[in-house]
Every structure is written in C-alpha cells, then in structure tokens.
Amino acid sequence: MTVERLTSAQLDEYRQLSTCVVASAIETFRVRLPNTGFADSSVRCIFEDSFPVAGYAATARLRSAQPPMEGHGFYYDRTDWWNHILSIPAPRIVVIEDVDDPPGLGAFIGEVNTNILLALGCQALVTNGAVRDLDAVKRANFQMFAGNVSMSHAYSHIFDFGCAVKVGGLGIRPGDLIQGDRHGIQIVPLEIAPQVPSVARDILRRRRRLVDLCHSSDFSIDKLRQAIRMPDLKT
C-alpha cells in the first residue's frame with residue numbers, strides 16, 4: 001500500500017507536542033468535526049510518564065474468550081500478520097481490535113510479543129482489549145494504550161489483519177498516522193500532517209500569553225477579556 005510519509009524530523013515534532021495542543025491545531029484546519037478523530041476514555045495510556053508516540057497504524061483483530069475455529073494452537077498461529085506490519089511505513093503503531101463482548105478477557109501483547117513488535121519497527125500498541133507483563137514492557141520502552149490489564153492470554157489469537165478496526169469508538173485504517181500520550185490517542189489527517197506542528201507551536205505561544213497575564217501583577221478582568229478576544233487566539 002502507498003502511504004504519504006512524513007520525514008523523521010516531522011515525526012519527531014509530534015513526539016515533542018502533547019496530543020491536546022495537536023488536537024487544537026487540527027481543529028483550525030476544519031477537516032473534521034471537533035468531536036471526532038480521537039479515542040474515548042475506554043482506551044487509556046498505560047505508561048503515563050512516557051513521551052508522546054507517533055507512527056503509522058498496522059491493524060489486526062483478535063478474540064480471546066474462545067479458542068479459534070481452526071488449528072490446535074492459537075497464540076502464535078497467525079505469524080502471517082507480521083508481513084502486514086512490515087508493509088506499513090516505519091515507525092509503526094500496532095492497533096488491535098478485540099471483538100469479544102465484552103473485550104479484554106485475555107491479553108495478546110505481553111513481554112514476548114512486545115519484543116517481537118519492537119524488532120518489527122513498532123513503538124506502541126493501541127487496543128480496546130487487555131495487555132499484560134507491564135513491568136517487562138515498560139523496561140523495553142514500548143508504549144501501550146489499552147482497555148484493561150489481564151494476567152492471562154486466555155485464548156488470544158489474531159484472526160484478521162490489514163483491515164479497518166475500531167477502538168475506543170475511533171475508526172482506524174492501515175497507514176493512518178497516530179499520535180498518543182497520557183491523554184489518549186488520535187488520528188492526524190495525513191493531508192494536513194506536515195502543517196500541524198507549526199500551528200501547534202503558535203497555539204502554545206498564544207496560550208502562554210494568557211497564562212502570563214493571569215500571573216501578572218498587572219492582571220485585570222478587562223485585560224483578560226481583551227486578550228481572549230484577540231482574533232488569533234486558539235486554546
């Protein structure tokens with residue numbers, strides 16, 4: 001598949017910006033509604049003290065409550081999905097939809113699969129399901145966004161990959177550009193991705209003006225109202 005790629009320097013800019021300011025920057029382009037493009041709070045950041053991540057989505061779907069319909073194994077049966085991961089430009093973020101109802105009985109990604117994904121150029125996982133081996137995964141410097149934590153892999157098995165998935169109410173397609181941090185994850189539209197960091201930095205400067213005013217000995221409500229009315233102020 002063909003995906004428009006950002007340069008390494010451009011991707012690094014996203015790792016230096018919070019998802020909050022990037023979300024505000026995306027709004028200024030009016031390419032989607034402000035209440036879309038991000039996962040809801042059912043998918044949470046596991047390692048909140050880690051830096052933001054940014055990369056391209058490699059997608060899959062799994063089940064864990066029941067064994068697969070075919071085959072005698074389950075955990076490593078579908079190694080062909082690794083080929084799909086490598087078809088996505090690096091850096092990669094694996095996105096796995098757990099289709100069980102409710103999702104998250106068993107965790108597919110733990111210490112071993114984390115290190116496999118790292119070897120395949122992945123830096124993070126996003127799933128509405130479960131994860132495990134948190135201490136080992138954190139030591140590996142791999143970020144995870146998940147619906148819950150489970151001690152067992154149960155019958156976790158990949159049964160589909162390279163497809164559109166939905167996690168936390170957010171639809172994600174292979175090759176989508178994802179940014180995530182302690183606030184959650186969002187999709188950055190590729191058509192505006194090169195311009196978003198510059199707008200985000202402008203927003204940060206404008207926010208700083210407001211914050212500095214609030215701490216100023218010269219503060220007044222009238223000055224605050226005047227500052228907020230400035231046409232270029234987006235928070």
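I'm counting two residues as in contact when they have heavy atoms within 4.5 Å. The model I have open is a predicted one.

**Entry 1, Phe159**

With that cut-off I looked up Phe159, skipping its neighbours within four places in sequence, and found contacts with Arg61, Leu62, Arg63, Arg78 and Val99. Phe159 sits in strand 9, residues 157-161. Buried or partly exposed? I get a relative accessible area of 22% for Phe159, so I put it down as partly exposed, since buried means under 20%. I also checked Phe159 against Pro68: the two are 91 residues apart along the chain, and their C-alpha atoms are separated by 8.0 Å.

I stepped back to the overall numbers. The protein chain has seven helices and 13 strands. Its C-alpha atoms fill a box of roughly 70 × 35 × 30 Å along the principal axes. Of the 235 residues, 46% are buried. For contacts with a separation of 6 or more, I noted that 78% are between residues 24 or more positions apart. The accessible surface comes to about 12,100 Å², and carbon and sulfur atoms own 51% of that.

Next I went to Gln123, in strand 5 (residues 122-127). Its relative accessibility is 18%, so Gln123 counts as buried. What does its side chain reach? A polar atom of the Gln123 side chain lies 3.0 Å from the backbone nitrogen of Ala54. Beyond its neighbours within four places in sequence, Gln123 has contacts that include Arg15, Val53, Ala54, Gly55, Pro91 and Phe142.

Pro91 is in the loop between helix 3 (81-87) and strand 3. I found another cis bond from Asp101 to Pro102, with omega near 5 degrees, and placed Pro102 in the loop between strand 3 and strand 4. I flagged these because most peptide bonds are trans, and most residues other than glycine have a negative phi.

On the phi side, I listed Asp133, which is not a glycine and yet has a positive phi of about 55 degrees. Asp133 is in the loop between strand 6 (130-131) and helix 5 (134-139), and at 35% relative accessible area it is partly exposed. Ala154 also went on the list, with a positive phi of about 50 degrees. I found Ala154 in the loop between strand 8 (148-149) and strand 9, partly exposed at 22% relative accessibility.

I ended with the voids. Rolling a probe the size of a water molecule over the atoms shows where empty space is left. The largest pocket holds about 360 Å³. Which residues lie nearest its centre? From a lining of 22 residues, those are Ala23, Phe38, His183, Ile185 and Gln186. Helix 2 gives the most to this lining, with five residues; strand 1 (44-45) and strand 13 (184-188) each supply at least two. By type, I have 10 nonpolar, six polar and six charged residues in the pocket lining.

How many cavities of 30 Å³ or more are there in the whole structure? My search gave two. The second largest cavity has about 50 Å³ of space. Leu62, a contact of Phe159, is among the residues lining this cavity, as are Ile96, Phe108 and Leu125. Strand 3 (92-98), strand 4 (107-109) and strand 5 each give two or more residues to that lining. Its lining splits into six nonpolar, three polar and one charged.

Methods
Residues are numbered from 1 along each chain as its sequence is written. This is a predicted model: local features need pLDDT of at least 70, side-chain atom pairs count only at pLDDT 80 or more; totals for chains, interfaces and linings use all residues. Side-chain values use heavy atoms; hydrogens and water are left out. On a 1 Å grid over the protein atoms alone, a cavity is a set of points where a 1.4 Å probe fits but cannot get out, and a pocket is an open set with protein on both sides within 12 Å along at least five of seven lines; lining residues have an atom within 4 Å of a point. Grid points are joined across faces, edges and corners, and a volume is the space filled by probe spheres set on the points. Helices (H or I, at least four residues) and strands (E, at least two) are DSSP runs, numbered from the N terminus. Ala, Val, Leu, Ile, Met, Phe, Trp, Tyr, Cys and Pro count as nonpolar, Asp, Glu, Lys and Arg as charged, and the others, Gly among them, as polar. Buried means under 20% relative accessible area, exposed over 50%, partly exposed in between (1.4 Å probe, protein chains only). Accessible areas come from the Shrake-Rupley method with a 1.4 Å probe; for residues, only the protein chains shown count as cover. A polar contact is a pair of N or O atoms within 3.5 Å; within protein, one must be able to donate a hydrogen and the other to accept it, and residues adjacent in sequence count only if both atoms are side-chain atoms.
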